[in-house]
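Subject: Structure for you to look at

Hello,

The structure is below, followed by notes on what was found in it.

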Amino acid sequence: MVNKDIITVTSPLLPDLNEFHGLLQQIWDSKWITNNGSFHRQLEVALAEYLKVPYVCLFTNGTLPLITALQALHITGEVITTPYSFVATTHALWWNGIKPVFVDIDWSTGCMDPNKIEAAITPKTTAIMPVHVYGKPCNTKAIQEIADKYGLKVIYDAAHAFGVECLEKDGTWHSILTAGDMSTLSFHATKVYNTVEGGALVVHDEKTKKRIDYLKNFGFAGETEVVAPGINSKMDEIRSAYGLLNLKQVDRAIEARHQVAIRYREALKNIKGIEFWNDLPGVRHNYSYFPIFVHEKEYGMTRDELYYKMKEQGILGRRYFYPLISEFTTYRGLESARKENLPTAHKMANSVICLPMHHALNNDDVLRIVNCIIEK
Ligand code: T4K
């Protein structure tokens, strides 16, 4: 019998409502509701500490930090990027009048394949914009070597990579957000850590932090001084307060996701034609997504057949990231968007289903999901 209870791909981590009321009362009392208020300042400091990064600039979503990073670093011409992401990554380039140049991805992570970058560099290339897709770390070392060789900036779209850390040779854990020139985060409702809508730009020095703070507030450097053509992308006090509360419970949420990943892997390990990734050695993952790849011949069903079967049973996995960004009308005319240029990205986009993954999934939910995949 089909169980009609819906299981969605994700579910937002919500702070305790009573605690939130308490903070709202403080905001009401102060009557300071936006423009770099006390909760905004507290959250920037708390996030920098939690994420082990020098500076966090809060934003109103995860798209505006991408657009702003490109502005702040004066990126022009062409930027090498990945087609295997959410459209916001490439849209940020387009909004800055920059031509995206797509390169293929690596099957073992879904991230940009560093071996494909050099061939895509032209005299107009000014930067690389990779994505730590699903929170899997890009090969940051290889990317940085190429960037240094050609004098390119690197802006990481780290929307999925909240809290992801890598083990360094000296035995210490480093945030993946310290790679490159800047990294962006999304705190959208669907993310591991959310502030309803929200995002951030991670920068490495105080001067850049100051510059970004101007840019996200119309370029104001003082009451009557505008130093740059800025925008308004500030996070308000209400969402900052909500964010402070969610930060207290995000570790528990990540651990709950980890347990879901363990159960999925155990249940699916012997299912022919269903591929998934194990944890990478030396990486602290955040389990933001659980993609599986359906190999039609071995599994006996196409990806879409399984996707729609799950849907009929109320299990709403998602085909993140199908179609590829390079297939959308805005971008498909680009030379680099040609299918033969992106074979691995096409293969991944055509075989992926992200299974439901969030902190509140229980054992029965996981059982229902894996049974739907196992029973053909
Ligand atoms: N870069 C990358 C790599 C990104 O993935 C994203 C965003 C960005 C940049 C831009 O960051 P933001 O500007 O968005 O901060 C979602 C999100 O809207 C988007 O943030 C995210 N990536 C993208 C991968 O997924 P949809 O259209 O799939 O979301 P939606 O509304 O269909 O929600 C999915 C499921 O989540 C629902 O079925 C149920 C659950 N849900 C959703 C919402 C909004 C809830 O339970 N409650 C909710 O309030 O795009």
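How many cavities of 30 Å³ or more does the structure hold? The structure holds 1, and about 140 Å³ of space lies in the largest cavity. A cavity here is a set of points on a 1 Å grid over the protein atoms alone where a 1.4 Å probe fits but cannot get out, and lining residues have an atom within 4 Å of a point. Of the 15 residues lining the largest cavity, Lys 136, Arg 265, Tyr 287, Tyr 289 and Pro 291 are the closest to its centre. H7 and strand E15 (290-294) are the elements that give two or more residues to this lining.

This is a predicted model: local features need pLDDT of at least 70, side-chain atom pairs count only at pLDDT 80 or more, and totals for chains, interfaces and linings use all residues. Residues are numbered from 1 along each chain as its sequence is written, and side-chain values use heavy atoms, with hydrogens and water left out.

H7 (residues 237-268) also packs against helix H2 (residues 38-51), at an angle of about 25° and with the axes 7 Å apart. H2 is therefore roughly parallel to H7 (angles under 35 degrees count as such). Helices (H or I, at least four residues) and strands (E, at least two) are DSSP runs, numbered from the N terminus. Axes are lines fitted to C-alpha atoms, for helices over the stretch in contact, and angles run from 0 to 180 degrees between N-to-C directions.

Among the residues of H2 that meet H7 are Phe 39, Leu 43 and Tyr 50; contact means heavy atoms within 4.5 Å.

Regards

Note on methods:
Angles under 35 degrees count as roughly parallel, over 145 as roughly antiparallel, 65 to 115 as roughly perpendicular and the rest as oblique. On a 1 Å grid over the protein atoms alone, a cavity is a set of points where a 1.4 Å probe fits but cannot get out, and a pocket is an open set with protein on both sides within 12 Å along at least five of seven lines; lining residues have an atom within 4 Å of a point. Grid points are joined across faces, edges and corners, and a volume is the space filled by probe spheres set on the points.
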